[in-house]
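Thank you for letting me take a few minutes today.

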Amino acid sequence: MTDCNIFQQEACRLPAAEAIALANRLLRDCLLHAPAAVSEITTHLAQAVGKGMRAEMLIYCAADAQGLVSPDAANAAAAIELLHLATLVHDDVIDDAPLRRGIASAHSRFGKKRAVITGDYLLCAAMKMLLEVQAEQDKLPDRQLWPRYA
(Lines give C-alpha, C1' and ligand atoms only; values in the text may rest on other atoms or scores of the structure.)
Protein backbone atom coordinates (compact mmCIF):
# COMPACT_ATOMS: atom_id res chain seq x y z
CA MET A 1 0.00 0.00 0.00
CA THR A 2 1.23 3.48 -0.79
CA ASP A 3 1.84 5.78 2.17
CA CYS A 4 -0.21 8.88 1.50
CA ASN A 5 -0.70 11.78 3.85
CA ILE A 6 -4.44 12.48 4.13
CA PHE A 7 -3.76 16.14 3.36
CA GLN A 8 -1.97 15.25 0.11
CA GLN A 9 -4.52 12.80 -1.31
CA GLU A 10 -4.71 14.48 -4.69
CA ALA A 11 -0.96 14.02 -5.18
CA CYS A 12 -1.30 10.33 -4.32
CA ARG A 13 -4.00 9.54 -6.86
CA LEU A 14 -2.99 7.43 -9.86
CA PRO A 15 -4.25 7.27 -13.42
CA ALA A 16 -6.51 4.22 -13.81
CA ALA A 17 -4.02 2.44 -16.10
CA GLU A 18 -1.26 2.80 -13.48
CA ALA A 19 -3.62 1.54 -10.76
CA ILE A 20 -4.42 -1.53 -12.88
CA ALA A 21 -0.69 -2.20 -13.35
CA LEU A 22 -0.17 -1.78 -9.59
CA ALA A 23 -3.01 -4.22 -8.84
CA ASN A 24 -1.42 -6.75 -11.19
CA ARG A 25 1.96 -6.32 -9.45
CA LEU A 26 0.37 -6.74 -6.02
CA LEU A 27 -1.39 -9.91 -7.16
CA ARG A 28 1.76 -11.34 -8.71
CA ASP A 29 3.87 -10.43 -5.65
CA CYS A 30 1.37 -12.16 -3.37
CA LEU A 31 1.48 -15.31 -5.49
CA LEU A 32 5.26 -15.36 -5.92
CA HIS A 33 6.12 -14.54 -2.28
CA ALA A 34 3.69 -16.82 -0.46
CA PRO A 35 4.69 -18.83 2.63
CA ALA A 36 6.70 -21.99 1.98
CA ALA A 37 3.73 -24.27 2.72
CA VAL A 38 1.87 -22.99 -0.35
CA SER A 39 4.52 -21.26 -2.47
CA GLU A 40 4.98 -24.11 -4.93
CA ILE A 41 1.28 -24.01 -5.79
CA THR A 42 0.92 -20.21 -5.80
CA THR A 43 3.93 -19.97 -8.13
CA HIS A 44 2.20 -22.49 -10.40
CA LEU A 45 -1.00 -20.41 -10.30
CA ALA A 46 0.95 -17.25 -11.18
CA GLN A 47 1.86 -18.83 -14.53
CA ALA A 48 -1.70 -18.49 -15.80
CA VAL A 49 -3.43 -15.46 -14.34
CA GLY A 50 -6.79 -14.43 -15.73
CA LYS A 51 -7.86 -11.32 -17.58
CA GLY A 52 -8.35 -9.31 -14.41
CA MET A 53 -11.75 -8.00 -15.44
CA ARG A 54 -12.98 -7.67 -11.86
CA ALA A 55 -9.94 -5.62 -10.91
CA GLU A 56 -10.33 -3.34 -13.91
CA MET A 57 -14.04 -2.81 -13.23
CA LEU A 58 -13.33 -1.89 -9.61
CA ILE A 59 -10.62 0.58 -10.60
CA TYR A 60 -12.71 2.24 -13.31
CA CYS A 61 -15.65 2.51 -10.89
CA ALA A 62 -13.34 4.11 -8.30
CA ALA A 63 -11.99 6.68 -10.77
CA ASP A 64 -12.88 10.33 -10.37
CA ALA A 65 -13.82 12.66 -13.24
CA GLN A 66 -10.15 12.97 -14.23
CA GLY A 67 -9.71 9.19 -14.33
CA LEU A 68 -7.59 9.15 -11.15
CA VAL A 69 -7.94 6.65 -8.32
CA SER A 70 -6.57 6.17 -4.83
CA PRO A 71 -3.77 3.60 -4.55
CA ASP A 72 -6.14 1.80 -2.16
CA ALA A 73 -8.26 0.92 -5.19
CA ALA A 74 -5.33 -1.11 -6.52
CA ASN A 75 -5.17 -3.02 -3.21
CA ALA A 76 -8.89 -3.70 -3.33
CA ALA A 77 -8.64 -4.78 -6.97
CA ALA A 78 -5.80 -7.21 -6.24
CA ALA A 79 -7.77 -8.57 -3.28
CA ILE A 80 -10.78 -9.24 -5.50
CA GLU A 81 -8.59 -11.15 -7.95
CA LEU A 82 -7.10 -13.20 -5.07
CA LEU A 83 -10.58 -13.97 -3.78
CA HIS A 84 -11.67 -15.03 -7.25
CA LEU A 85 -8.59 -17.23 -7.65
CA ALA A 86 -9.29 -18.86 -4.26
CA THR A 87 -12.81 -19.76 -5.38
CA LEU A 88 -11.48 -21.19 -8.64
CA VAL A 89 -8.96 -23.39 -6.81
CA HIS A 90 -11.70 -24.70 -4.51
CA ASP A 91 -14.15 -25.11 -7.40
CA ASP A 92 -11.63 -27.17 -9.37
CA VAL A 93 -11.32 -29.55 -6.40
CA ILE A 94 -15.10 -29.95 -6.16
CA ASP A 95 -15.52 -30.41 -9.93
CA ASP A 96 -12.35 -32.52 -10.25
CA ALA A 97 -11.29 -30.24 -13.13
CA PRO A 98 -7.97 -31.31 -14.69
CA LEU A 99 -7.14 -27.90 -16.18
CA ARG A 100 -7.50 -24.25 -15.26
CA ARG A 101 -6.57 -21.47 -17.69
CA GLY A 102 -4.68 -23.89 -19.92
CA ILE A 103 -2.45 -25.44 -17.25
CA ALA A 104 -2.91 -28.30 -14.79
CA SER A 105 -5.30 -27.38 -12.00
CA ALA A 106 -3.73 -27.07 -8.57
CA HIS A 107 -5.37 -30.23 -7.23
CA SER A 108 -4.50 -32.36 -10.26
CA ARG A 109 -0.82 -31.42 -9.98
CA PHE A 110 -0.34 -31.12 -6.21
CA GLY A 111 -3.21 -33.06 -4.65
CA LYS A 112 -6.57 -32.04 -3.25
CA LYS A 113 -5.47 -31.35 0.33
CA ARG A 114 -2.67 -29.00 -0.72
CA ALA A 115 -4.96 -27.28 -3.23
CA VAL A 116 -7.66 -26.65 -0.61
CA ILE A 117 -5.07 -25.28 1.83
CA THR A 118 -3.73 -23.02 -0.92
CA GLY A 119 -7.24 -21.81 -1.72
CA ASP A 120 -7.72 -21.06 1.98
CA TYR A 121 -4.42 -19.16 2.02
CA LEU A 122 -5.52 -17.10 -1.01
CA LEU A 123 -8.78 -16.26 0.75
CA CYS A 124 -6.88 -15.11 3.85
CA ALA A 125 -4.40 -13.12 1.74
CA ALA A 126 -7.32 -11.36 0.03
CA MET A 127 -8.89 -10.46 3.38
CA LYS A 128 -5.55 -9.21 4.70
CA MET A 129 -5.11 -7.05 1.61
CA LEU A 130 -8.61 -5.61 2.08
CA LEU A 131 -7.80 -4.75 5.69
CA GLU A 132 -5.04 -2.49 4.39
CA VAL A 133 -7.55 -0.44 2.40
CA GLN A 134 -8.73 2.66 4.20
CA ALA A 135 -12.33 3.65 3.65
CA GLU A 136 -12.69 7.12 2.23
CA GLN A 137 -14.71 8.14 5.29
CA ASP A 138 -11.77 7.13 7.50
CA LYS A 139 -9.39 9.30 5.48
CA LEU A 140 -11.67 12.32 5.72
CA PRO A 141 -12.92 12.33 9.31
CA ASP A 142 -14.80 15.63 8.91
CA ARG A 143 -16.93 14.28 6.08
CA GLN A 144 -19.31 11.39 6.61
CA LEU A 145 -19.95 9.54 3.38
CA TRP A 146 -22.62 7.14 4.64
CA PRO A 147 -25.38 7.95 7.09
CA ARG A 148 -25.26 5.99 10.30
CA TYR A 149 -28.33 4.14 11.40
CA ALA A 150 -28.95 3.61 15.09
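Helix 3 and helix 7 pack with their axes 10 Å apart and at an angle of about 75°, which makes helix 3 roughly perpendicular to helix 7 (65 to 115 degrees counts as roughly perpendicular, over 145 as roughly antiparallel). This is a predicted model, in which local features need pLDDT of at least 70 and side-chain atom pairs count only at pLDDT 80 or more, while totals for chains, interfaces and linings use all residues. Residues are numbered from 1 along each chain as its sequence is written, and side-chain values use heavy atoms, with hydrogens and water left out.

In this contact (heavy atoms within 4.5 Å), Val38, Glu40, Ile41, Thr42 and Leu45 of helix 3 meet residues of helix 7 including Tyr121 and Leu122.

Let me turn to the other partner of helix 7. The axes of helix 5, residues 71-95, and helix 7, residues 112-131, come within 8 Å and cross at roughly 160°, which means that helix 5 is roughly antiparallel to helix 7. Among the residues that meet here are Leu82 and Ala86 in helix 5, and Leu122 and Ala126 in helix 7.

Which residues touch the most other members of the largest nonpolar core? Of its 33 residues, they are Leu31, Leu45, Ile59, Leu82 and Leu122, and such a core is a set of buried Ala, Val, Leu, Ile, Met, Phe, Trp, Tyr and Cys residues joined through side-chain atoms within 4.5 Å, with buried meaning under 20% relative accessible area for a 1.4 Å probe, protein chains only. Helix 5 gives the most to this core, with 10 residues.

Notes:
Axes fitted to C-alpha atoms, helices over the stretch in contact; angles between N-to-C directions. Helix = DSSP H or I, 4+ residues; strand = E, 2+ residues; numbered from the N terminus. Parallel < 35°, antiparallel > 145°, perpendicular 65-115°, else oblique. Buried < 20%, exposed > 50% of the residue type's maximum accessible area, 1.4 Å probe, protein only.
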